[in-house]
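Subject: Structure for your review

Dear colleague,

Please find the structure below, followed by a short account of what was found in it.

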Amino acid sequence: MAASPPDPQHPDLSTRADQAAYRAELFKVARPLRLAGLTLTILGILFLFEAQGWHSAAERTFGLAGMVLIALGWSLMIAGIIKRMLYHKKKMRELEASKSG
């Protein structure tokens, strides 16, 4: 009996090369979302450094903008992490279903 070709819908994790390929695939899931979150967080931190004293209106504006950017950045990063986790869980369910069925 000939071996069936690998199914692109279901990851084959039997070899180290296949595991590395799946890790690379998983790394790409929601990457723009996670990178945007990281960028906004870093930008928010820079804004907070600019607003050190919070004495003038400009410093308060930079401070509040920094806090908003950090909150948005963390929200995007968490959303990206959850999206990647759900993708992984779905792939693992599909793999188990293909093995048992």
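Which residues of H2 are buried? They are Arg34, Gly37, Thr41 and Gly44, where buried means under 20% relative accessible area, exposed over 50% and partly exposed in between (1.4 Å probe, protein chains only). Seen down the axis of H2, the buried residues line one face of the helix, because they fall within an arc of 85 degrees; the arc is that of the directions from the helix axis to the C-beta atoms. Their cover includes helix H1 (16-28) and helix H3 (57-100). On the other side of H2, Pro32, Thr39, Phe49 and Glu50 are exposed.

Please note that this is a predicted model, in which local features need pLDDT of at least 70 and side-chain atom pairs count only at pLDDT 80 or more, while totals for chains, interfaces and linings use all residues. Residues are numbered from 1 along each chain as its sequence is written, and side-chain values use heavy atoms, with hydrogens and water left out.

As to the chain in general, it has three helices and zero strands (DSSP runs, numbered from the N terminus: helices are H or I of at least four residues, strands E of at least two). Of its 101 residues, 19% are buried. Contacts (heavy atoms within 4.5 Å) between residues at least 6 apart in sequence join residues at least 24 apart in 66% of cases.

Finally, the end C-alpha atoms of H2 (residues 31-50) are 29 Å apart, which agrees with the 28 Å that its 20 residues should span at 1.5 Å a residue; the expected span is 1.5 Å times one less than the number of residues.

With kind regards
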